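Here is a short note for a colleague who is new to this structure. Please read the points with the model open beside you.

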Amino acid sequence: MKKTKLQLVYLTLMMLGLKSVEASDYTLNLMKGVTKTSNDIYDLHMLTLWVCVFIGVAVFGTMFYSIYHHRKSKGHKAEQFHENTTVEIIWTIIPTIILIAMAIPATKLMIEMDDVSESEMSIKVTGWQWKWEYEYLDNGVHFFSSLDEKSNQARKLGSDIDPRTVDHYLLNVDKPLVIPTNTKIRFLFTAADVLHSWWVPDLGWKTDTIPGFINEAWTLVEKAGTYRGQCAELCGKDHGFMPIVVIAMDKPDYELWVKEQKALAQAQLAAADREWTHEELMTKGKSIYTSSCASCHMDDGSGMTGTFPAIAGSSMVTGDIGNEINIVMNGQGMMPAFGSMLSAADFAAVITYTRNSFGNAVGDLVQPSKIKSLQAELVSANDDDDDDD
Amino acid sequence: MSAVASEHEHTDDHHDHGPAKGWMRWIVTTNHKDIGSMYLIFALIMFFVGGTMALIIRAELFEPGMQFVEPQFFNSMTTMHALVMVFGAVMPAFVGFANWMIPMMIGAPDMALPRMNNMSFWMLVAGILMLASTLFMEGGAPASGWTLYPPLVLQTGDALPFAVFSVHLLGISSIMGAINIIATILNMRAPKMSLMQMPLFVWTWLITGFLLIAIMPVFAGAVTMLLTDRFFETSFFDAAGGGDPVLYQHIFWFFGHPEVYVMILPTFGIASTIIPVFARKPLFGYSSMVYATASIAFLSFIVWAHHMFTVGMPISGELFFMYATMIIAVPTGVKIFNWTATMWKGAMTFEAPMLFSIAFVVLFTLGGFTGLMMSIAPVDFQYHDTYFIVAHFHYTLVPASVFILMAGGYFWIPKWTGKMYDERLARLHFWLSAISVNILFFPQHFLGLAGMPRRIPDYATQFSDWNMVSSIGAFIFGFSQLMFVYIVIKTIKGKDCADATDEVWEDAAKHGLEWTLPSPVPYHTFATPPEKIPTEHF
C-alpha cells in the first residue's frame, strides 16, 4: 500500500518532467538501510511522514476550499465570528494525542539504539582532519582510511576531470573498514583535532566524534555488502572529502582479511629495519606526500598564504633534519602529529621527499630505522605521561 | 530642533516638526520613522549581500566537482551567508518594522528611548561592517559555520577576534533594541489600550524582546569564552585542560534555539495583522494566539539540545529534548488553525500582502512538518546535518520570515509613502518568488534523505540532478527579488503611482490604529493619544 502510494508520487513527478528515470541512481525517500535499527528508523520516518501528509491535506484542503469559495470576487459576505473556545480545545487536544502516539515507538527505538551491551567486538574510530582512523580493539588491526586518489585528483579546482567518470566519486576510500556480518559491533568514537561525525546511512545513524571524549554506538549488519557514507559534521576545508566505506563480510572472509592485515603489519615493521636507497624513499615519499600532505601544503608545495606554510623554499624544511622530523612527528598548531599516523618507512620517505622536491635540494635522507626508534621513544614517553596521571 | 521648527510651516491640526535638512538627518535622527526606514533599507541591502553569498554557494553546487571556489572559501560563504542573513537582514528588518509600526499601532508619539534607538542602529552597522571586514583578512572569514563550534572555530585566522567583537556589537545593538521596544510597549500605549487589545504584531514583539534580552548575553558569553580559549590559555572547550567542546554547543543552542524564534515570532505577528484585513474578518482566537506565542517562547528555552541529538547525550537527555520539542507542534498548530479559521467564511481578496501571507501559512507549515519529523530523536540520527535540515530551516526562514517581510513591506508602504505600489508587478514578484523558492528548497529534502550532508562544497554524482534543480531555483529566486527593490523605489518616487487613501485597505481602520492616520503618515504622529481604540478583535 505504502509502496504504491510512493510510486504514484514518483509517477506524478516524472510526468511533471522533474525526474529523469534513466539516471535514477538517487532516491527521493530515506533509504531503508541494512540493519534492524535502520529499518525501524525508516518505519518511524514513514509514520511521521504520513501523519504530516494527513494533517497537511486536512489543513490545506480547508484553506484552499476557503480561498476558492470565500472570496470577495465571488460575492461572499464576510462573517464576523472570531472566537470559539471549544474548537480551540479540540485542536489542542487532538494534536497532543497524535504526538503521544508517535512518542511511544520513538522512545522504544531510542532506548534500543542506546543499548550497546552484549556486543561481540569493538572498533575505535578516530576522526582526523581529514581522514578516519580505525582500531580493532579485539585483534589489534589498525589503519587510516582516506579519500581515494582518483576522487582526490578529480575534486581539485580546475582538475578538468569529469566526476561522473570517477568510480564512486567522493564516496571511495583507499582502505575501507571491514566488519563481519551477524555480529553486534560496538563502535567507540573520538577525534584527534576537531569535531567530526561518522555517518553511514545504511547503518541508520551518525555519531559525533569529539576530541577528548568517547561516544558509543552499535550496529549489526546481516547482509554482506559495501556501504558508503561520509563525515557529517563540518570539520574544516576538506570536510566534504573524508568518506567512509564499510565492507561487511561473512565471518570466514572476515577472519581471512584479519590474517592478511596482520601479515601486512609485520611486513611494514620489517621494511623499517632494512636500508633504503634515496630513489626508493623519493618514490614512496611522493605518494605519501600526495595523500597526507598535499591537501594543506598543496601539490606543488606552495602552501596557502596565512594558513598553511609553503614546503618549497621553506627554511624549516631545508634546515636541520631533526627539526623537520620533530614537527612532523609531534605536530604544531593546525599541523597534526604524524608520529603515530605514518609507518616508519612512510615517515622517512616523506621527510626525504620534501627535502629534495619543489626546488628544495638538500640532498640528504633519513632511514626508516632511525624513525622507528624515534617513534618507539614517542610511545614510551606517552606511556610515562599516562602513568603520571 | 527649534531652528528647524521655526523654518517650518505650522498648521492648525498638526504640530509638525519636519525632519532635519541634509544628510546629518540620518546620522543624528531620533525619529522612529527615520530609524525604522534605515533599519529596513540596511536589512534589504544585507539581504542582497547574504543572497549573493548564497548564489556563490549554489553556483558551486550546480554540478559535481569544484568549479569556482576553494573549499575553504566555500565554508566561509556558508558561514557568512548565515550570519549576514540572521543578524544583518532578518533581525534588523523586523526591528525596522517594530520601529515604524509599534508606536503607530499603540498610539504613541515615538519610541520610549529615542536616542538609544539611534545608537542601536549605528552599532548594528558597525557590527556588520566589522563582520564583513573579516572577508578581507589573512586566513579568510570565519569558516566554521554560523554556529562557530570549537575546536574548529579556533583554527580561524586573524578573523576570529573580529568576528567575536562583531557578535558583541550586534548583541548590544539587539539588546538595546529589545529594551526600547519593551519599554515602549509597556509605557507608551494609548491610555485606553489594554495589553489584550494590542495588535498581535505588538504582542509578538513584546515577547520577542524578552527572548532577546535573555539570549544575547548568553551568546556573547559563549563567544567570549572562545576568545579566551584562543588568546588567554583558558580551556573552557578543550578536554586537555578539563573543558568540553560540547559545552559550547549547549550554550550556543540555549541562545540559538530562542534566536530562531526571534526571527519567527514577529513573522507570526505580521501575518496575524495582514490576514484579517484581507479576509475582512477579525482575527480568529486572538487570546489563544497570544497564549500560543507565549508558550512557544517559553518552550524555546527548553528544547535546545534537539540540535545535538548525535553528540552522545545520555538517554534521559535524548528523551527529554525529544518530548519537549514535539510539544512545540501544539501551540504552533493552534496558530495555523487560527489563521485558517480567520480565512474561513471571510470575503477574501488577494493583493500582494495577502498572497505572501497565505504562502507563508502553507510553506511555514511544511517547514513545521519537517521540524516535527526531526523532533523524533532516533530518526534524527539519520536527518541530522543533512540537506533535510537545510531544507527545513530554509522553509521556516525564507518562505516564512522573508515572505512575511515582503508582505509587510507591501502592506504598509502605501501608508508610509502615500502612494500605492504597482500591484501587477508585486503579484508577479510573488508568483516568481513562490514558485522559485520551492524549486530551490523542495529538492533539498530529497537530497538530505538520500544522504547528502550539509556544508559540503562538492558531492557524489547521485546528488547531481536535484542540486542542479535547486541551483536553478536559487538563481530565479535571487533575481526575482530585484523586482522588490524596483517596486519599492518606484513607490517612493511616486511617479505613475496612485495616491493611497488614509485607510489604504478596505475597512483597515477597524483593524489597527495606523490606518486612522493620514497617508503619507506625517513625520510626527499621535502627539496626543487616540481616543478610540479599534476593537475589531473582540
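**Notes on chain A**

1. This is a predicted model. The centres of domain 1 of chain A and domain 3 of chain A are 54 Å apart, taken over C-alpha atoms. The domain assignment puts domain 1 at 31–62 + 85–115, domain 2 at 119–267 and domain 3 at 274–388.

2. Now look at the sheet. Five strands of chain A form an open sheet in the order S4-S10-S9-S6-S7. The pairing is mixed. S4 and strand S7 (205–209) of chain A are the edge strands; each has a single partner strand, so one side of each has no neighbour in the sheet. From one strand to the next, the twist averages 25°.

3. Is strand S10 of chain A mostly covered or mostly exposed? Strand S10 (residues 243–249) of chain A is mostly covered, with five of its seven residues buried.

4. Which way does S10(A) pair with strand S4 (residues 177–180) of chain A? The two strands are parallel, over four bridges. Leu177(A) faces Val246(A) of S10(A) across the pairing. Val178(A) stands opposite Ile247(A).

5. Strand S9 (residues 225–231) of chain A also pairs with S10(A). Here the strands run antiparallel, joined by six bridges. Gln230(A) stands opposite Pro243(A) in S10(A).

6. Finally, check the helix. Helix H5 (residues 251–273) of chain A lies across S4 and S10 of chain A. Helix H5 of chain A runs at about 135° to S4(A).

Terms used:
Residues are numbered from 1 along each chain as its sequence is written. Chains are lettered from A and ligands numbered from 1 in the order in which they are written. This is a predicted model: local features need pLDDT of at least 70, side-chain atom pairs count only at pLDDT 80 or more; totals for chains, interfaces and linings use all residues. Side-chain values use heavy atoms; hydrogens and water are left out. Domain bounds come from an automatic or database domain assignment. Buried means under 20% relative accessible area, exposed over 50%, partly exposed in between (1.4 Å probe, protein chains only). Two strands pair if DSSP finds at least two bridges between them. Axes are lines fitted to C-alpha atoms, for helices over the stretch in contact, and angles run from 0 to 180 degrees between N-to-C directions. Contact means heavy atoms within 4.5 Å.
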